[in-house]
Structure formats: structure tokens, C-alpha cells
Amino acid sequence: MRRMRNVKIVATLGPASDDYDTIRRLFELGADVFRLNMSHGSHEEIRERHKIIRQIEQEIGRPIAILADLQGPKLRVGVFAGDSEVLVEGEKFRMDLDEAEGTSSRVRLPHPEIFQALMPGATLLVNDGKIRLRVEQCGDDYADCVVVTGGTISNRKGVNVPDVVLPVAALSDKDKKDLEFVCELGVDWVALSFVQRPEDVLQTKELVAGRAAVLAKIEKPAAVDAYDEILAVSDGIMVARGDLGVELPVQAVPPIQKRLIRGARSAAKPVIVATQMLESMIESPVPTRAEVSDVANAIYEGADAVMLSAESAAGAYPFEAVRTMDAVAVEVESGQVYREIIESARHVERNTTADSIVSAAREIAENTGVKAICCFTHSGTTALKTARERPRVPILALTPFTGTARRMCLSWGVNCFMTNGDVSRFKMAVVSAARAARAGQFANAEDNIVVVAGVPFNIPGSTNILRVAPCDERLIFNTDPE
């Protein structure tokens, strides 16, 4: 079941998509990665969705990636005596640690770590930024504010603090339990929320201990400021535009999105663009023109994947949402403008043999009519470096490791195949690549492929050989060295 596009589609599962028939249909329509949102659903519900995905994977004989998205710390106000109050612009309002029910002049904020980090002039945002407060005075247990933007504030609404780095760990107690659960379950990617500094990612990777790849969600201004350092220690990136659009001026998000995507591509790490991509399709069978342009722009920018959240998890039209995203991707990638934009953004420092090998593979493939680039990889690095080049021909990643094959499902243009034979000799590796290319309908016996590998085999990071090979096995056996 070959996709006719390179960008990948991430579909979130939820109440609207939690049975076998629905999940299988979502895959058939174009979902490459399934997201399990740990903010919603019990462990038993998550376990059942995971089981269904693995059943479908086994039936179709093709790797499917599963992404577990951790909730992260939730900063919320307390409750009000009347359930809600109206804050008026220019009036005073206090947040404190007092356990008494809230009034029109104050409410509990049960997070002493916020008060410890606040400074006069800092901003507090409530209810996704609908209410904006400016801190006038503060101490270890209070913050006296003035209402900059008023509105209705009600029980347990979320609080954002965009101006300061909070002394709050990215992993809450719930997250740690969820993290261990999904790692034992066998997910391929873990998305980390509330990232502010590289140490947040390193702490999570230590707990994961190699059982999954760790993807950092960039959703806070502090993470944008420390992006290069966070990217260096992460396996992938999610541009989480929801909270970014709350904590930063909305007009700042598009250029930040472009910078984050380009940075991740330069580092050869997959990047997902997420949040509100086809939001109206939660209730409508067709998207708005603006939403279609939003998806298209993320693809033009070179994102590895675009993501559906509530559209596929809780919306009335999950199939239509995936079908629409697939159609937009196919249309965008088929145009000459797409190639011009993607290739103009190819700025790679080729400092290693592997960098040069995959660059040469792309050049040869594009200039000689070769049908595909076949990468033998253990860790996935060779395939990631090849994907960074954004070649005009398909990328086939061949690996003996199921976990590697599944993780690569998130990467641009990578088609994953398990190697089940003797590939300890280079000739058999070439044969295996030719068989995969033919089986996946990427090439036929009359075509050539480019094979990229490391010799000797079984040594990660040893990419050092490139071979233009026929897909006809008889010619391989007659001409290739052992």
C-alpha cells in the first residue's frame, strides 16, 4: 500500500476512532502514525488501541508508528464560590495560596513554584489567553495583578506564564506513571510536553532508557529561546502551535514554525506540525480554505509530518479529515513549485562520510533515472540523513530491527522494510534491496536503484558505500562482488 506522497500523517485516536474497523480505515486512507493522547483515556483504553494498531500492522505486513503524547504539568486556578466571576479591565485581582473559594477579587493558584518565579511586570494568562493579567506586586505566596484583558473566569481554568522559565519539571507524577506504562506497552515515540530546557528532555530519555524515541514539544517561549540546545538532545520535534499561540503573539507563530522546521531538517530529525490544522472538520465534512492553506504551507516548509488532533479523535468526520490531508499533500507535492521551495531550503553542512554518501545518492538518483534510494540502517541515522536531502525519488529504509522500522514511519519520504535474510554479505544486501523495491512497486526488473550501506555490516554509523544496482537479481549475482 504505497503512499503517493512523502509527508506523513499523524492521526490521534479517541472516542471517535477507538475500534478496529475505524483505525484500520484511517490507516487505509492515509494515516502513517497513530497518536495516543495520555491526557484522555484510561490505561486500559490506551492498551486496547495499541493492541488494535499492532494487529493491523501484522495483518498488512507494514510497520506502523505509535506516538504516546504525555499530558505534562497542568497549572490551574482553584474554584469560585459561585463557580465563575467576571473580571473587568483595569481592576485589581489577586492570586494566592489561600484555600478559600474564589471571589471577584481573588482566587487560589495552588502552584507555589509560580509565585517563586514571578517578577513585577510578568504576564499571567488564564483560559487559553482569553484573560490577561499583569503582575504588579508578588511574593512567595501571592501575586497582585491588574486585569489587562477581562472576561469570565471559572473553576479550574488553565494558567500560562509566558514571561518566565518556571521551576516546574516537564514530567508530573502522572506523566512518570504514563511514561513507564507506554514504554512497557511498546510505543515507538514519546512526546514530551512543557519542555522549557534541554534538561527536561534528558531526564525523560534517562527514564525511557532506549525503549522509545523522545520527541520534544515546542509550546513555550522558553523552548523557542533554547531551541538549538533542545533539538540537540531530542530525537524529534513537534511544533505545538496551540500553546505557542497563547503564550506568544499569534503573528509570531508562523515565522517560528518555519525556523523550527528548518532547524530540525538541518539536524536530520523529524518534525511534526500540530494543532488546529483542520479544526473545522471536527463538525464539518469539508475544511475551510484557510485550513487547507495551513496544511499546504507546512508541507511546503518541509515538515516531516502533519497532525490531526480532535479532528480524528473526537470529530464527526475522522475519515474525511485524513482523506483531505492526504489529498492536500498529494496535490502540493506534485507541483513544480513544491520542488523549487524544498530544494532551495537544502542547506546542509556535509562534514562526514555518511553525509556525503547520501548526498551523492540523491544526485545520482535524480540525474540518472534511478527509481529509489535503498538505505540499510540499524539505528535509522542513514535513512534520516537521506530524508534530509529531500530526494525526488522514494527512500526505502531496510533494517532488521522492528523498532527502527516503526520509528522511521514518522520521517519524510521513508518507506520501511524489514530485512529477513542473510545481509551480512554486500551482494545479499543488494538483492534484498532489489526485492523490497519490486515488492513495494517502487521499481521493476528493468530499473536501477541506489543502495547505501555501511561495510562491514552491523556497525551503527558506518555508512561508507554506494552502489547503483539493477533490480534484476540475475544481473546482481553476475556482476556484484561478494
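**Helix H10 and its surroundings**

Tutor: In this predicted model, the buried residues of H10 pack against helices H8 (241–247), H9 (253–266), H12 (318–333) and H13 (336–344), and against strands S15 (271–274) and S16.

Student: Which residues of H10 are buried?

Tutor: Glu 291, Asp 294, Val 295, Ala 296, Ala 298 and Ile 299 are buried. The word applies because each has under 20% relative accessible area.

Student: How do you know that the span of H10 is close to the expected one?

Tutor: H10 covers residues 289–300, which is 12 residues. Just after the helix, Gly 302 takes a positive phi of about 100°.

Student: With which residues is Ile 299 in contact, leaving aside neighbours within four places in sequence?

Tutor: Ile 299 has heavy atoms within 4.5 Å of Val 7, Val 306, Val 328, Ala 329, Val 332, Glu 333, Tyr 338 and Ile 342, so these count as contacts.

Student: Which members of the largest nonpolar core touch the most other members?

Tutor: Phe 34, Ile 272 and Ile 299 do, in a core of 109 residues. H12 gives the most to this core, with six residues. Domain 1 (6–70 + 169–342) and domain 3 (351–477) each supply at least three residues.

Student: Why is Ser 309 called buried?

Tutor: Its relative accessibility is 19%, and the cut-off is under 20%, so Ser 309 counts as buried. Ser 309 sits in the loop between strand S16 (305–308) and helix H11 (310–313). Beyond neighbours within four places in sequence, Ser 309 is in contact with Thr 12, Arg 35 and Thr 275.

Terms used
Residues numbered from 1 in each chain as written. Predicted model: local features only at pLDDT ≥ 70, side-chain atom pairs only at ≥ 80, totals over all residues. Heavy atoms only, no water. Helix = DSSP H or I, 4+ residues; strand = E, 2+ residues; numbered from the N terminus. Buried < 20%, exposed > 50% of the residue type's maximum accessible area, 1.4 Å probe, protein only. Expected span 1.5 Å × (residues − 1). Core = buried A, V, L, I, M, F, W, Y, C linked by side-chain atoms within 4.5 Å. Domains from an automatic or database assignment.
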